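The structure comes first, then a walk through selected parts.

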Amino acid sequence: VPVVGLGTWLTFDVGGADSPQRRVRGDVLRAFLAGGGRLVDSSPMYGSSEEVVGAELARGGAPAPFSATKVWTVGALAGRRQMQRSRELWKVERLDLMQVHNLLDWETHWPALKVMKADGRVRFIGMTTSHGRRHDDLEAILRRDRLDFVQFTYNLNNRDVERVLLPLAVERGTAVIINRPFDGGSLFGAKTARPLPGWAAEIGCRSWAEAFLKWIAAHPAVTCAIPATSKVAHVQENVRARAGPLPDAAMRRRILEDYARA
């Protein structure tokens with residue numbers, strides 16, 4: 001899976017099939033896939049996002065993505081129905097990754113996900129959290145069970161996962177998806193209004209967005225970061241972070257220190 005994926009929270013929850021917003025999201029999705037991106041992440045929580053992704057993929061003309069979505073409900077029967085509905089909305093024979101969204105009723109859904117994987121109805125299974133919530137619960141689950149993927153928040157403003165969850169994921173052989181890599185846009189502002197520092201050229205960055213993504217992707221535990229956007233220019237900028245060298249540990253410290261001082 002390439003190190004830059006595509007999130008759909010808020011950005012792909014748009015109107016009907018003929019709406020201008022829907023067509024723009026289709027352009028974003030196709031630009032992402034054309035630029036070498038692969039993992040697309042969604043959830044039933046995200047309104048019409050799954051429907052939009054599936055409808056735009058059905059138009060053809062783009063490589064198939066690595067389809068990642070979630071179960072976000074309470075109860076076994078509701079979970080099974082929701083996951084089946086997600087597959088139908090994505091219009092795929094089999095989803096690549098099914099995750100328990102924000103650990104909601106995970107004790108019920110996790111056994112069902114393991115059966116689905118064993119039966120070949122989904123390739124990989126995992127769990128997610130965001131905004132720094134329930135890290136202790138996720139740590140306990142990771143220590144007790146085998147997860148193919150785990151997803152949580154990590155960015156220059158939110159580094160709590162460096163202490164336990166990122167090292168633990170490496171120890172447990174679990175792939176890591178990073179949500180909110182731009183801290184919901186909060187990384188941008190006065191600090192990024194200035195020109196990029198000299199280190200940017202050393203790692204082939206032309207924008208702060210690329211630098212932020214490379215800083216995340218360079219962590220040895222990270223598999224993929226999933227910024228969300230509704231603009232083609234921004235998704236093209238994001239996928240450029242796949243190119244060129246990643247910062248080493250010393251360079252990551254320089255980026256962090258330089259951003260903190262700004």
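Predicted model: local features only at pLDDT ≥ 70, side-chain atom pairs only at ≥ 80, totals over all residues.

Residues are numbered from 1 along each chain as its sequence is written, and side-chain values use heavy atoms, with hydrogens and water left out.

The largest nonpolar core has 64 residues, and Met127 and Phe152 touch the most other members. Such a core is a set of buried Ala, Val, Leu, Ile, Met, Phe, Trp, Tyr and Cys residues joined through side-chain atoms within 4.5 Å; buried means under 20% relative accessible area, exposed over 50%, partly exposed in between (1.4 Å probe, protein chains only). Helix α9 (residues 208-217) gives the most to this core, seven residues. Helices (H or I, at least four residues) and strands (E, at least two) are DSSP runs, numbered from the N terminus.

Ser130 lies in the loop between β5 (122-128) and α5 (135-144). Ser130 counts as buried because its relative accessibility is 10%.

The structure also holds eleven aromatic pairs. Rings of Phe, Tyr and Trp (its six-membered ring) pair if their centres lie within 6.5 Å; planes under 30 degrees apart count as stacked, over 60 as edge-to-face and the rest as tilted. Phe124 and Phe149 are edge-to-face, at 5.7 Å centre to centre and 65 degrees between the planes. Phe149 is buried, with a relative accessible area of 7%, whereas Phe124 is partly exposed at 25%.
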